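Here is a short tour for anyone who is new to reading protein structures. Have a look at the picture and the sequence, then read on.

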Amino acid sequence: MKNKALSIIKNNFSAIKIAIATWLLTSAIFGIECILFQIIKVNESQVFLVMLIFPFALIASLPVLLILVISISWIKRQSFNLTNKYYRLFIVCFISTIPYAFIVGLIISNTNYFGKQLSIGNSLLVSTACFFLSYSLAILILNKKINNYFMEQNQSQLKEKLGSTANHQPVNSSNKILIKGIVTGALILLMLIPTVFVNNLVDERQSRQQEVVKEVKQGWATEQTVYGPYLFIPYQQKGKDINNKEIFVTKPLYLLPENLNLITVIAPEVRLRSIYKVLLYRSEIKTNGNFNVKLPDDFDMNCLQIKEAKICYGITDLKGIEEKVNINFNGHPYELSPGLPIKEFKPVTNVVNSNNEISKSLNSIDQREVVGLSSPVNLSLNDLQKQINFNINIKIKGSEQLHFIPLSGNSKFNVSSTWKNPKFDGNNLPSSRDITSKGFEAKWEFNKTNLPFGTVLNEFSFNKFNYAFGVTMLQPTDHYSKTSRSVKYAILFIGLTFALFFIIELLQNKPMHPVQYILIGISLVIFFTLLLSISEFLQFDFAYLIASVATILLIILYAKAHFKSIKTASIFGIFLTCLYAFIFVLIRLEDAALLVGSIGLFLILALTMYSSRKINWYNNIEE
């Protein structure tokens, strides 16, 4: 009885020592990981705070220490073989990391630790990988002590059944396979961490490109939205102020064309700034049509301040106008100048009109700045009772996008260009379009029945986001988005490659060191940096081909040097070629990417299961 009590005390004391050692090592390794991250960030202002992570991790992980003491002691008492005991120990460690990984993941996702705010999924991936890797390394460092502790009971049982000459090799061999599998899994998680930095590098390069494009656009002209022409005529309306005194309130009247025809030819220009390409354009817009004014019957035309009439033409960036703009209106030429009459109205508040309604100034109707051209015109009340013809030609330049607003009762728009990659967007798609290798041509048609306004307006907000339509000229390739998509498949590149090495080394009984796995993982990560850097100079398809061929050849030569077999190296070459080709297809696909990816992963899993069917995982002696 006394010996049994001493054995229990000894067992518990050993479990406590192993748990404390694991706890201390895990906290230390996690602190080292944080310091390495801080070194990568090169932020000296937070180095002192990072040094406090180790003691903080010790305090925060005290519940884990208690869990380890209980779990290790319980696992030792069970009648499992050594492999199953390790298996359960790693499960306990993984489960204990989940709440900590979740908390740290939330902190990372709400901070700018990696240069930007990561998504919650990437944050959880990074935090889980760091915690589980810390546990795994601690267990591997203490492998000998944990192994002796777990084997005490098994050894005594084997001695009783088989004698002192019992062969323990099957147990030890299966234990090695389990540990190697866990190490491989931990290395896969470890190698996913650099892909987060690669993804940040892609975002950084893309942001740099956007800054360059924005800089060039500001010096050239931004996206353009044009509308018009339209007539602006102020009129007076009787009203009363707050003292019930009769006054006259000046209000705007907008007259839109009855018919409008617009023909635009866009000439694209690609400018180089450093290594980046910026898409610009020049365009010539020819517009003609007529006004056929039909005022309401109860409208008093004598209230119109006809001498203040102006012809207006809207454009969002006046910097893009290349030549002076003349309009032929009602048989007379006029030169348009910057500025719209909407700015001439001053706020007038608390005015009661003839309908006893509160009226505010035009500025309160549309507070946003309206940019455009206008010119006073010679107009009489008699002119408003007949058809007024006009035509205008304007040459403007802009960047990537050209939109229009259909301010007319009936209108037709014809847009053509030599650019081969248009995107028709906005509130309306073209009624007809033709895209060929020589360029594109698109047509839009509108009439009074499909527009939410008439040709006579008292109040109107020229909001391009409600009615604008047009074309955006797309760049042929967006290598940054494609590179970013390829980085998202990093787990397939790394996981499947490591799995193949793991299976081959078991089949051929030529084990690889974890350092060799890390070197292979680094080569797989460098593939993405090669792809990013080369794609900035060449088309993405050629960049992908060059980066993938270089990576595949490197791994083939490394496999040939380790396994001493051309056949084995060829297997790696065929597998990696198929893998990179499969990922390339997924990157190019859009709508069918999920379907093709799911089928491909199923086939890869089936092939992996088939290839591993002859592996003797427990090294059992076959009879």
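The sections below walk through the backbone, a sheet and some aromatic rings.

## Before we start

Please keep in mind that this is a predicted model.

Let us begin with the peptide bond between Gly228 and Pro229, which is cis, with omega at about 0°. You can find Pro229 in strand 1, a stretch that covers residues 224-240.

Two residues other than glycine have a positive phi. One of them is Asn330, with phi near 55°, and Asn330 belongs to the loop between strand 6 (326-329) and strand 7 (332-335). Lys564 also has a phi near 55°, and Lys564 sits in the loop between helix 14 (540-563) and helix 15 (566-588). Is Lys564 buried or exposed? Lys564 is exposed, because its relative accessible area of 65% is over the 50% cut-off.

Now follow the strands across an open sheet of eight, where the order is 7-6-12-4-3-14-17-16 and the pairing is mixed. Which strands stand at the edges? They are strand 7 and strand 16 (432-436), and each has a single partner strand, so one side of each has no neighbour in the sheet. On average, neighbouring strands of this sheet are turned by 15° against each other, with direction ignored.

Strand 4 (residues 276-291) and strand 12 (residues 388-399) run antiparallel, and twelve bridges join them.

## Aromatic rings

How many aromatic pairs does a search of the whole structure find? The search finds 27. Among them is the pair of Phe424 and Trp444, which is edge-to-face, with 6.0 Å from centre to centre and 70° between the planes. This pair links distant parts of the chain: Phe424 is in strand 15 (residues 422-426) and Trp444 is in strand 17 (residues 439-446), 20 residues apart. Both Phe424 and Trp444 are buried.

Phe424 and Trp444 also belong to one aromatic cluster, together with Phe404, Phe413, Phe440, Phe446 and Phe469.

## A charge over a ring

Finally, look for Lys397 and Trp220. The charged end of Lys397 sits over the ring of Trp220, at 4.5 Å from the centre of that ring.

Definitions and conventions
Residues numbered from 1 in each chain as written. Predicted model: local features only at pLDDT ≥ 70, side-chain atom pairs only at ≥ 80, totals over all residues. Heavy atoms only, no water. Helix = DSSP H or I, 4+ residues; strand = E, 2+ residues; numbered from the N terminus. Buried < 20%, exposed > 50% of the residue type's maximum accessible area, 1.4 Å probe, protein only. Pairing = 2+ DSSP bridges. Axes fitted to C-alpha atoms, helices over the stretch in contact; angles between N-to-C directions. Phe/Tyr/Trp six-rings, centres within 6.5 Å; stacked < 30°, edge-to-face > 60°. Lys NZ or Arg CZ within 6 Å of the ring centre and 35° of its normal.
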